[in-house]
Amino acid sequence: MDIVTAAQMQEIDRRAIEEYKIPGVVLMENAGLCLVEAINRLGCGPRIVVVAGKGNNGGDGFVVARHLSPHKNLTVWTTADTSEYRGDALINLNILHKLEIPCTNLRQDHALAALEAELAAADLVVDALLGTGVTREVDSFYADIIRLINKAPAPVLAVDIPSGISADTGQVLGEAVQADFTVTFALPKRGLLLFPGAGHAGRLEIADIGIPRPLLTGHGLAMLTKEQVASAMPGRSANTHKGTFGSALLIAGSRGMSGAATLSARAALRGGCGLVYAATPQSVQPMVASQVAEAITLPLPENEGGRLHASALPLLRERWQSCRSLAVGPGLAEDEETLWLLATILAECPLPVVLDAGALNLLAKKPQLMDGRKAPVILTPHPGEAARLLDTTVSQVESHRLQAARELCTAYRSTVVLKGAHTLVATENEAFLNVTGNSGMASAGSGDVLTGLLVSLLAQGMSTQKAACAAVYLHGLAADLAVENISKAALVAGDIIDHISLAYLQTEKIHM
């Protein structure tokens, strides 16, 4: 499912009206009816307050008021005189007047105080105030209304997007409604899925208002779905063996960081590849071998600090000849010898490579390591690593996550997995946003699990784009399944691994 900007949604609406001859007032009626259905499903009490702005968002609120007024004790509050309304919103406001449904203009003296009193007794508030067209900080009049809505004890249903949230970035434009539910139309807007906007939306519902299907695709950013992931996963026919599903080489760990290598190896095995080679410094190898019985461990020469020695290269070269994918980074030290090894791997290894953790920090110090690299690469930075790779700040990355992911993709000619809430996957031509996962994943080792899943799916022959999309979706889904029985606060990376098989089952592709 595509995720759109405000401008893209406006263009979709325009084409639906002009090319498909669907009157705008019909689309508004459909939107209002979807809102009414959502309100009826909530089963709220009779006292409903509709706060409606001057645009189409307000018009949707007027449709809601018309349909609910025979059954609810409903009040409507507008932000301007009737003479200031235009188009389809004016048509629906005039219908309310004909039906003698009272509408109070909030610009009048003492109207805000009256609204506050009404909100205090409401069973539901319908936020039809501003919509997706807002691009700058809301003025004091609207800010006051938003603060009153947020102060109200009743749940809030936002029309299309919570008022005061940027539809494109998710940023709070001064003040923003904190909704309990949001019904958005046709396609989700970016600001509903990018934080902090995603945290203001509450439970999100995407309503079909009759936009023709050909208009709903090709917008450059899509939300990952179970169906998309299931269709991309490799099949498992009966007449197969471990070689069918490929071998993955994992280069990970250093003295004191054996856990990262262990978690990645365990996740890679759960991910479905036939063989996992866990290559670690020789002092780390016994710990990994004792915890991941199914992996083949490869002890490598190390220096006095328990870090990889440059003489490990011939062993790695020999091993990658029999593998289909390679991952470098979990628990890896960041010294000159490791940097040299990484540079040689990127220059020589013809396999798809996943770079994580220590490998990303080394790459940030020397971006030219990617010069001349022809085989595919997946980068898996968290915001801090992304900031180092882009030579910027974490706050800049977090406030412009999609832009940051695309810049990384271009700068390093790689598929990029920008971790966080919500994780983004960026390729040369497309971007995908993942909505599985939860705050319990903010725990040491979660990224190591994702690296293991990625290298496993690549070993099974998936493209970097499909592997990245499937891995982040399954990774988040496994965490969601885990917190059905484990507190988010208590979730650890091993719990995610333990639920990968259930996540696979939910995609209805691999039955373990």
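Mentor: Helices and strands here are DSSP runs, numbered from the N terminus: helices are H or I runs of at least four residues, and strands are E runs of at least two. This is a predicted model, in which local features need pLDDT of at least 70 and side-chain atom pairs count only at pLDDT 80 or more, while totals for chains, interfaces and linings use all residues. Residues are numbered from 1 along each chain as its sequence is written, and side-chain values use heavy atoms, with hydrogens and water left out.

Trainee: How many helices and strands does that rule give for the protein chain?
Mentor: The protein chain has 21 helices and 17 strands. Its C-alpha atoms fill a box of roughly 85 × 50 × 45 Å along the principal axes.

Trainee: Where does P196 lie?
Mentor: P196 is in the loop between α7 (190-193) and α8 (197-201).

Trainee: What makes α5 roughly parallel to α6?
Mentor: Axes are lines fitted to C-alpha atoms, for helices over the stretch in contact, and angles run from 0 to 180 degrees between N-to-C directions. Angles under 35 degrees count as roughly parallel, over 145 as roughly antiparallel, 65 to 115 as roughly perpendicular and the rest as oblique. Helix α5 (residues 111-120) packs against helix α6 (residues 140-151) at about 20 degrees, with the axes 9 Å apart. That is why α5 is called roughly parallel to α6.

Trainee: Which residues of α5 and α6 meet?
Mentor: Contact means heavy atoms within 4.5 Å. L112, L115, E116 and L119 of α5 meet D144, I145, L148, I149 and K151 of α6.

Trainee: Why is α18 called oblique to α19?
Mentor: The axes of α18 (residues 446-459) and α19 (residues 464-482) come within 9 Å and cross at roughly 140 degrees. That angle is therefore one that makes α18 oblique to α19. Among the residues in this contact are V449 and L453 of α18 and A467 and H475 of α19.

Trainee: How do you know how many aromatic pairs there are?
Mentor: Rings of Phe, Tyr and Trp (its six-membered ring) pair if their centres lie within 6.5 Å; planes under 30 degrees apart count as stacked, over 60 as edge-to-face and the rest as tilted. By this rule there are two aromatic pairs. F141 and Y142 have ring centres 5.2 Å apart and planes at 75 degrees, so this pair is edge-to-face.

Trainee: Why is D160 called buried?
Mentor: Buried means under 20% relative accessible area, exposed over 50%, and partly exposed in between (1.4 Å probe, protein chains only). D160 has a relative accessible area of 10%, so D160 is buried. F141 and Y142 are buried as well. Of the 512 residues of the protein chain, 58% count as buried.

Trainee: What else is there to say about the backbone of D160?
Mentor: The phi of D160 is near 75 degrees, a positive value in a residue other than glycine. D160 sits in the loop between β5 (156-159) and β6 (181-185).

Trainee: And R413, why does that residue count as partly exposed?
Mentor: R413 is at 48% relative accessibility, so R413 counts as partly exposed. R413 lies in the loop between α17 (401-412) and β15, and R413, though not a glycine, has a positive phi of about 50 degrees.
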